[in-house]
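Here are my notes on the model you sent over.

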Amino acid sequence: MKLIDILDMEHITGHARILKNKVRRTGTHLVRRSLGKRRIVASLTSYPARIETTHLAIRSLLAQRVLPDLVVLYLFKEEFPRREEDLPAELRQLLSHDVQIRWVDINLKPHKKYYWALQEFSDDIVITFDDDLVYRNSLIGELMESYRKFPYAISAIRTHLITFGSSVVSVGEIPA
């Protein structure tokens with residue numbers, strides 16, 4: 001077999017994998033909606049210094065065992081003045097009915113990923129993600145299991161303890 005034939009087969013295999021994934025995602029969304037379940041929205045944000053690798057985080061979200069219904073990337077308009085033209089091709093190729101960009105006028109820095117999503121998707125389950133990580137394929141399933149057990153709590157995999165000076169402050173004690 002010639003090298004070119006092998007490369008063509010890999011190219012076709014890659015396209016078949018992408019098509020299979022899109023069909024799986026569409027089927028999952030339709031089943032979830034037909035059963036009246038709340039949508040799972042994966043929300044993240046990025047900025048110019050990280051945008052080149054953001055597609056890796058999104059790809060890992062699209063490879064989850066429990067798929068999100070929608071992946072939304074919130075970007076500050078002023079950081080990407082030419083909008084999609086300023087984005088890497090790998091990211092633009094992912095954009096579809098279930099991977100979308102929301103262009104925002106106010107730069108809330110990392111808070112963009114939950115502030116806007118919780119307003120827009122208040123009836124859905126919003127899970128926030130960082131743009132610089134590749135996620136294990138069981139993560140959304142683990143978070144959803146936690147949510148089913150504790151529906152009135154915030155489920156998380158990675159958190160940070162808030163401290164002020166040398167003392168630890170509980171959330172109820174954070175000064176305004």
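1. Strands β1 and β4 run parallel and are joined by 4 bridges, with S43 having T128 of β4 as its bridge partner. On pairing with β2, β1 is again parallel, this time through 5 bridges, and L44 has L73 as its partner there. Two strands count as paired here if DSSP finds at least two bridges between them. Strands are DSSP E runs of at least two residues and helices are H or I runs of at least four, both numbered from the N terminus.

2. Before going on, a word on what we are looking at: this is a predicted model, in which local features need pLDDT of at least 70 and side-chain atom pairs count only at pLDDT 80 or more, while totals for chains, interfaces and linings use all residues. Residues are numbered from 1 along each chain as its sequence is written, and side-chain values use heavy atoms, with hydrogens and water left out.

3. How many residues of β1 are buried? The count is 6 of its 6, where buried means under 20% relative accessible area, exposed over 50% and partly exposed in between (1.4 Å probe, protein chains only). I40, A42 and L44 sit on one side, V41, S43 and T45 on the other, and both faces are covered. In a regular strand the side chains alternate between the two faces of the sheet.

4. Helix α5 (residues 139-149) has L139, I140, L143 and M144 as its buried residues. Seen down the helix axis, these fall within an arc of 130 degrees, so they line one face of α5; the arc is taken from the directions from the axis to the C-beta atoms. An α-helix has 3.6 residues a turn, so residues three or four places apart point the same way. The cover over the buried residues of α5 includes β1 (40-45) and β4 (125-128), judged by contact, meaning heavy atoms within 4.5 Å.

5. On the other side of α5, R148 and K149 are exposed. R148 has a relative accessibility of 53% and forms a salt bridge with E145 at 3.6 Å, N to O. A salt bridge here is a side-chain nitrogen of Lys or Arg within 4 Å of a carboxyl oxygen of Asp or Glu. The two residues are 3 apart in α5, which puts about one helical turn between them. E145 is partly exposed at 35%.

6. The structure holds 11 salt bridges. One of them joins D130 to R158, with the closest N and O atoms 2.4 Å apart. Why does this pair tie together parts that are 28 residues apart in sequence? It does so because D130 lies in the loop between β4 and α5, and R158 in the loop between α5 and β5 (163-164). R158 is exposed, at 52% relative accessibility.

7. R102 and E120 form another salt bridge, their closest N and O atoms being 2.7 Å apart. This pair links distant parts of the chain, with R102 in strand β3 and E120 in helix α4, 18 residues apart. E120 is partly exposed at 38%. There is also a network of salt bridges linking R50, D131 and D132.

8. Two backbone angles deserve a look. R83 is not a glycine, yet has a positive phi of about 50 degrees; it lies in the loop between β2 (70-76) and α3 (89-92) and is partly exposed at 28%. K109, also a residue other than glycine, has a positive phi near 55 degrees. K109 is in the loop between β3 (99-104) and α4 (112-120), and is exposed at 52%.

9. Which residues form a nonpolar patch on the surface? They are Y114, Y115 and L118, with about 290 Å² of accessible area together. Patches are made of residues with over 30% relative accessible area and no salt bridge, joining like charges within 9 Å and nonpolar side chains (Val, Leu, Ile, Met, Phe, Trp, Tyr) within 5 Å. Y115 is in helix α4 and is partly exposed at 39%. Accessible areas come from the Shrake-Rupley method with a 1.4 Å probe, and for residues only the protein chains shown count as cover.

10. Last, the overall picture. The protein chain has 5 helices and 6 strands, running α-β-α-β-α-β-α-β-α-β-β from the N terminus. Of its 176 residues, 33% count as buried. Among contacts between residues at least 6 apart in sequence, 71% join residues at least 24 apart.
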